[in-house]
Amino acid sequence: MLERRGFATEITPTADGGHPIVLGHAAGAKRSRKLLFYNHYDVQPPEPLELWDSPPFQLTERGGAVYARGSKDDKGEFVCRLAALDAVRAVTGGYPCDITWLAEGEEEIGSPHLPLWIEKHLSQLRADAAVWEEGGIEVDETPVVRLGARGLLYVELTVKVLSRDAHSGQANLLPNAAWRLTWALAGLKGQDEKILIPGFYDDVRPPTQREEELLRAAPKGAADVMEEFGLDQLLGGVTDVNRAYFTPTANVAGLGSGYQGEGSKTVIPAAAMAKLDFRLVPDQDPDDIHAKLRRHLDSCGFGDVQIEVLGAERPGITDPDAPVVKLVAEIAEEIYGKPPRITPLTGGTTPMYLFTERGVPVVAPGVGWGAMNRAHSPNEFMRLVDFERAARHLARFAVRFAEG
């Protein structure tokens, strides 16, 4: 698709047999201005398949929207950007500035090979600004400019206490891996939601004065989240969702041990596993949190619980006063007819830190509609009206960014 639009492209390998990265370059009218687009071509697994109303990998249009896995995250965003640049070329005959495109295939598993790849390709990634993977508007149609993303440490904990599963009649004689791991997990977070790993909060940076201004101006957002998930209140009585994103988390994403089929089977599990993700806030480092987790388990007598790191990304954040932020906000108001909400941090994770730490401001106009698109869930969709408006936003942004 990039080659058809005049990009010189290459499919570049990553280390250890990871999914390759597509890298594209196109020259523009103003060679001194350089814009980078980041997207990813991998998606979340579509299961459970029975909950889809149409096949997940067959794009289906109904009710003014298109449904498929990746229709929003991140294929819809990628195609929207192509449409924006198609429009610019149709009007001007070319691209307004030099454009680099980076599309990876491992974002959904924490981009494990991207940091090393970027180190090796820095000379090909020079940019004055980057347009990141996804963005959009709130449910009330107000555009949103999101400036940062939390970091991530994703681990798998495993423990094995027997050479094989055993008859549960020996449960007062033999150790049980499920109990062993449950006790280890219980020592990571209290019922008050406070994380119990010593030093976990040491490097947490509170919002800056400028970020505080943005948080005070933003809506609290709790009512929308409660309605979406059928809740009467959020954890800990949280009422300000955007402010809550400045608090790190410890989440159990999956558990496995023993018999989980239909009916009963009286066994003592020999092994158990748990998948955990820690969302990290500015100034926290996943390597540091990993080391503290290991020390905590050891000090509590769980040295036999093994830790495998499945993903590690630092938080990334853009200066709210960067010129590119002001430009994308100005155009958002033109397109949507409302001043945008500028939020300093989002709850999710994306490897934008690889550019923000190098001084490249990152923005993300996009096709999203609040939390309604069902990304990562069955019946993921993108509204066509959001696609069109985001393409207009991106096209105007590219032209005016080039003007400097």
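User: How many bridges join S3 to strand S6?

Analyst: Let's start with the strands of this predicted model. S6 covers residues 97-104 and runs parallel to S3. The number of bridges joining S3 to S6 is 8.

User: In S7, which residue is the bridge partner of phenylalanine 37?

Analyst: S3 also pairs with strand S7, residues 129-131. That pairing is in the parallel sense and has 3 bridges. Look in S7 for the bridge partner of phenylalanine 37, and you land on valine 131.

User: Where is proline 48, and what is omega for the peptide bond from glutamate 47?

Analyst: Proline 48 sits in the loop between S3 and strand S4 (60-62). Most peptide bonds are trans. The bond from glutamate 47 to proline 48 is cis, though, with omega near 5 degrees.

User: Which peptide bond ends at aspartate 74, and what is its omega?

Analyst: Find the loop between strand S5 (65-67) and H1, and aspartate 74 is there. The bond comes from aspartate 73 and is cis. Its omega is near 15 degrees.

User: What lines the second largest pocket, and which element gives the largest share?

Analyst: The pocket holds about 240 Å³ of space, and its lining includes Met1, Tyr41, Phe78 and Ala103. By class, the lining has 7 nonpolar, 3 polar and 2 charged residues. Strand S3 (30-40) and helix H1 (75-92) each supply at least two of the lining residues. The largest share, 3 residues, comes from H1.

User: Is cysteine 80 buried or exposed?

Analyst: Buried means under 20% relative accessible area. Cysteine 300, at 41%, counts as partly exposed. Cysteine 80 has a value of 0%, so it is buried.

User: What is the order of the strands in the open sheet, and which ones stand at the edges?

Analyst: This sheet has 4 strands with mixed pairing, in the order S18-S9-S8-S20. A strand at an edge has a single partner strand, so one side is left without a neighbour in the sheet. The edge strands are S18 (341-343) and S20 (368-369).

User: In S18, what is the bridge partner of valine 145?

Analyst: S9 and S18 pair in the parallel sense, with 3 bridges between them. Follow the bridge from valine 145 into S18 and you reach isoleucine 342.

User: How many residues does S9 give to the lining of the largest cavity?

Analyst: The whole structure has 1 cavity of 30 Å³ or more, and about 90 Å³ of space lies in the largest cavity. Of its 13 lining residues, the closest to the centre are Gly136, Val144, Ala364, Pro365 and His393. Strand S8 (136-137), strand S9 (143-146) and helix H8 (323-336) each give two or more residues to the lining. S9 gives the most, and its count is 4 residues.

User: Which loop holds glutamate 141, and what is its phi?

Analyst: Glutamate 141 lies in the loop between S8 and S9. With a relative accessible area of 24%, glutamate 141 is partly exposed. Most residues other than glycine have a negative phi. Glutamate 141 has a positive one, near 75 degrees.

User: Is serine 111 buried or exposed?

Analyst: Serine 111 is in the loop between S6 and helix H2 (114-120). Its phi is positive, about 50 degrees, although it is not a glycine. Its relative accessibility is 4%, so serine 111 counts as buried.

User: In S15, what is the bridge partner of leucine 255?

Analyst: S15 (residues 271-280) pairs with strand S11 (residues 151-160) in the antiparallel sense over 10 bridges. In that pairing, glutamate 156 stands opposite lysine 275. S15 also pairs in the antiparallel sense with strand S13 (residues 251-257), over 6 bridges. There, the partner of leucine 255 is alanine 274.

User: How far apart are the end C-alpha atoms of helix H10?

Analyst: H10 has 20 residues (384-403), and at 1.5 Å a residue they should span 28 Å. The modelled distance agrees with that, at 29 Å.

Definitions and conventions:
Residues numbered from 1 in each chain as written. Predicted model: local features only at pLDDT ≥ 70, side-chain atom pairs only at ≥ 80, totals over all residues. Heavy atoms only, no water. Buried < 20%, exposed > 50% of the residue type's maximum accessible area, 1.4 Å probe, protein only. Pairing = 2+ DSSP bridges. 1 Å grid on protein atoms, 1.4 Å probe; cavity = no way out; pocket = protein on both sides within 12 Å on 5 of 7 lines; lining within 4 Å. Points joined across faces, edges and corners; volume = space filled by probe spheres on them. Nonpolar A, V, L, I, M, F, W, Y, C, P; charged D, E, K, R; others polar. Expected span 1.5 Å × (residues − 1).
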